[in-house]
Structures are given as C-alpha cells and as structure tokens.
Amino acid sequence: DPQQLQLASSSKRKLRRFIVIDEVVDELYGAKVREYFEENNVQYKILALPTTEETKSMDLVLNILQEVQNFSIDRRTEPIIAIGGGVCLDIVGLAASLYRRRTPYIRVPTTLLSYVDASVGAKNGVNFLQCKNKLGGYTPPVASFLDRSFIQSIPRRHISNGLGEILKMALMKHKGLFDLLKRHGKYLLDTKFQSYSGSSDRRDAALQTTRIAIETMLEELAPNLWEDDLDRLVDFGHLISPELEMRVLPSLMHGEAVNIDMAFMTYVAHARGLITTKEREEIIQCMRGLELPVWHGGCSWPLIKKALMERLKHSGGQPRMPLPTGLGVAEIFNDTSEETLARAYKLWVRD
C-alpha cells in the first residue's frame, strides 16, 4: 500500500519488527535476515525456536507471547513475522491471533510444504493431548511472502514431503497438474524447485507446479475460509493421516502421512468402481516417482477405523470422504460401506 509506505518512511518513529524464525532456518539464513533489517534501519527482535511437530504446543505459543510482550509491539502497525516451515507458521499464527485478541502477522514459508499449503488460508493451531492441531483458530495473515530460493537448502525428503500436498490438489482438481508431476517429478526433486534456464519444456516446471497448486488451493479455500461448509475436497489425504502421523511421530512427515492416506483412498475409489485399475496404477506410480511412501506398517485396520470414527465426530456425523472419480476430478462421498473399506485395505496391503 503506497499510502502506508509513505506513512512509514516519513514517520519519526523507527520501524520495529518482531520475528520468529525456525532455529534451523536461522542457522542458514539468520545472518541475511539480520543484515536486511539493519540495512533498512529497523529495530528488531529475532526469536529462534525449535519448531517441530513434537514442540508444536501451547507452551511454545506462551513463550512467544512473553517475548512479544517484552518487545512491546504496536498491534496495529507492527506485524509479527514468521519465517519457517508449516509448524512455525501455525504456532506464530495462533500466538498473533491471541495477543491483544488479534495482532497482524506475516508468513514467510521456507519449505515446499509450507509454501503450497500452510502459507495459504486462515488456519493456525497447535497439537494438544496427542491430537494434531486440536487447539487453534482462523486468523488469516496480512500477507504471505513466497520465495522459492529458501527451498534449495532443504533435504530431498522434504521436497518429496511437499510434493504430497501438491499431488493432493492435482488428484482432486487439476489433471494438468497431475501430468506435470508425472512428467517432471524427478526433475523437480533434483533441482529443488529452483528455476534454471535450460530445455524449454522444463524451465518453468517449478513455477507452473507451485502456481497451479496454490491457485487450486485458493479456489477451494477462499469461498469457505472459516469451514462453514464441511464438504471440502482439500481434506483428501487428511482422514486417516492425522491419527497415523501422531501415532508414529517422528517417523513420518506430514506430506508423507497424507500420501499414505491418499494411496489407501485411491484403493477405496477403485473398490467403489470410481476409477479404473489403470488409473489406480497411474496414481500409485506417480506417488512412487515423487519418492513418496504408499504404505506404512503403522496404518493398521484398527487405526483406520478409529481415525474414521474421529472424522465423524468433527464433521457433522458424516464421513465426507473425498475420492477421485478420475484423474484430476473428485467428489465427496458419505456412503462407503465398511465392507468396501475392508476390501480396499486388503488389496492395498497385498500390493
């Protein structure tokens, strides 16, 4: 906003910013971040924290709020900045929403998963009583700053982890995105989503893939930001995975758990006659090509049943099960029998 910019630059008061940064990101980029604020004559406080699924708790939120209080920010003009992966963005979002009832905050995602997933939408939260994101709210950031150069320093497994959420949007809404992942998956893993001038068909694969993933996510989320409608295609891969992910921590990353859920649901869609054997195999092969797990020993039949019971509790008594009905198209179903689920599970485990 040019008006705000003018106001900020002409103000006698020094610009002040409170930044929460993941401690691993701080080791890699902390010096550049500090240099940026110093060159722009900004008074700042950087709080580097271990933001992992295991530390994603109210204790960490309260720790952040204590430091925010000590720094004494203006809740209207001094947004809190979160720099890190999805866990960091979630924790800081919740802290900002609680401080003086709502303080603006900015998301700067540094992993592929947070770039295409946590940076979009209004949700924030922390884990509670061994349940994923049991405490949280809906407070959108004032901005998300997307910079793919952060992604070049994350391990290959983390790239694959982010590809799980991109594949989710491809299977639910965009055949073209699915084709991109099939064709360029290994290239995207090898180049860590950086843009290089090279063969024309690959040069913009990273930009195209991330842009389509974010646009399709926004299409789904924008009309239903506060989840008034519980029929959500973006819940594909999120029926069983929350239970699985928390049960086997830290052996599975979020995108990996989501992909295992999607692999099972692909078998469910096939068992219901919604997709052909060829389409099922194409989806599983694409997952393998993206180096994502398609099965996990912890995903037992009792766990699946428990997870689906939990689903009923918080989705208005209906399973609201998103399933592919082809490649890039999907619908939500409430009538999948336990017999169909058991048959799909048996085939999935066999394969």
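Here are questions and answers about a predicted model.

Visitor: Where is E245 found?
Guide: Start with the contacts of E245. Among the residues that E245 touches are E53, L252, M253 and A257, leaving aside residues up to four places away in sequence. As for its own place, E245 is found in helix α10, residues 241-247.

Visitor: Is E245 buried or exposed?
Guide: The cut-off for buried is under 20% relative accessible area. E245 has a relative accessible area of 2%. That value is under the cut-off, so E245 is buried.

Visitor: Which side chains make polar contacts with the side chain of E245?
Guide: There is a polar contact of 3.3 Å to the side chain of K132. There is also one of 3.0 Å to the side chain of H254. The names are K132 and H254.

Visitor: What joins L249 and P250?
Guide: P250 sits in the loop between α10 and α11. Omega between L249 and P250 is about 0 degrees. The link is a cis peptide bond.

Visitor: Which side chain joins that of E256 in a polar contact?
Guide: E256 is found in helix α11. E256 is buried, because its relative accessible area of 7% is under 20%. Leaving aside neighbours within four places in sequence, E256 is in contact with residues including N161, S251, L292 and P293. The polar contact, at 2.7 Å, is with the side chain of R157.

Visitor: How are the rings of F264 and W348 arranged: stacked, edge-to-face or tilted?
Guide: A search of the whole structure finds eight aromatic pairs. In the pair F264 and W348, the ring centres are 5.2 Å apart and the planes stand at 40 degrees. Stacked needs under 30 degrees and edge-to-face needs over 60, so this pair is tilted.

Visitor: How many residues apart are F264 and W348?
Guide: F264 is in helix α11, and W348 is in helix α14, residues 338-350. Both F264 and W348 are buried. The pair links distant parts of the chain, 84 residues apart.

Visitor: Which residues do ring pairs link into a cluster with F264?
Guide: W348 belongs to the cluster.

Visitor: Which residue lies over the face of F71?
Guide: Look for a charge over the ring. The distance to the ring centre is 4.1 Å. The residue is R16.

Visitor: How far does helix α12 reach from its first C-alpha to its last?
Guide: Helix α12 covers residues 277-289 and has 13 residues. At 1.5 Å a residue, 18 Å is expected. The reach is close to that, at 18 Å.

Visitor: Which residue just after α12 takes a positive phi?
Guide: Look past the end of the helix. Phi there is about 60 degrees. The residue is E291.

Visitor: What is the phi of N41?
Guide: N41 lies in the loop between α2 (23-39) and β2 (43-49). At 51% relative accessibility, N41 counts as exposed, because the cut-off is over 50%. Its phi is positive in a residue other than glycine, near 55 degrees.

Visitor: Which residue does the side chain of K14 meet in a polar contact?
Guide: K14 is in the loop between α1 (2-10) and β1 (16-22). Among the residues K14 touches, not counting those up to four places away in sequence, are V42 and Q43. Its polar contact of 3.5 Å is with the side chain of N41.

Visitor: How far apart in space are K14 and N41?
Guide: In sequence they are 27 residues apart. From C-alpha to C-alpha, the distance is 7.5 Å.

Visitor: Where does N133 lie?
Guide: N133 has a positive phi of about 50 degrees, although it is not a glycine. N133 is partly exposed, with a relative accessible area of 35%. Its place is strand β6, residues 131-138.

Notes
Residues numbered from 1 in each chain as written. Predicted model: local features only at pLDDT ≥ 70, side-chain atom pairs only at ≥ 80, totals over all residues. Heavy atoms only, no water. Helix = DSSP H or I, 4+ residues; strand = E, 2+ residues; numbered from the N terminus. Expected span 1.5 Å × (residues − 1). Buried < 20%, exposed > 50% of the residue type's maximum accessible area, 1.4 Å probe, protein only. Polar contact = N/O pair within 3.5 Å; in protein donor to acceptor, adjacent residues only side chain to side chain. Contact = heavy atoms within 4.5 Å. Phe/Tyr/Trp six-rings, centres within 6.5 Å; stacked < 30°, edge-to-face > 60°. Lys NZ or Arg CZ within 6 Å of the ring centre and 35° of its normal.
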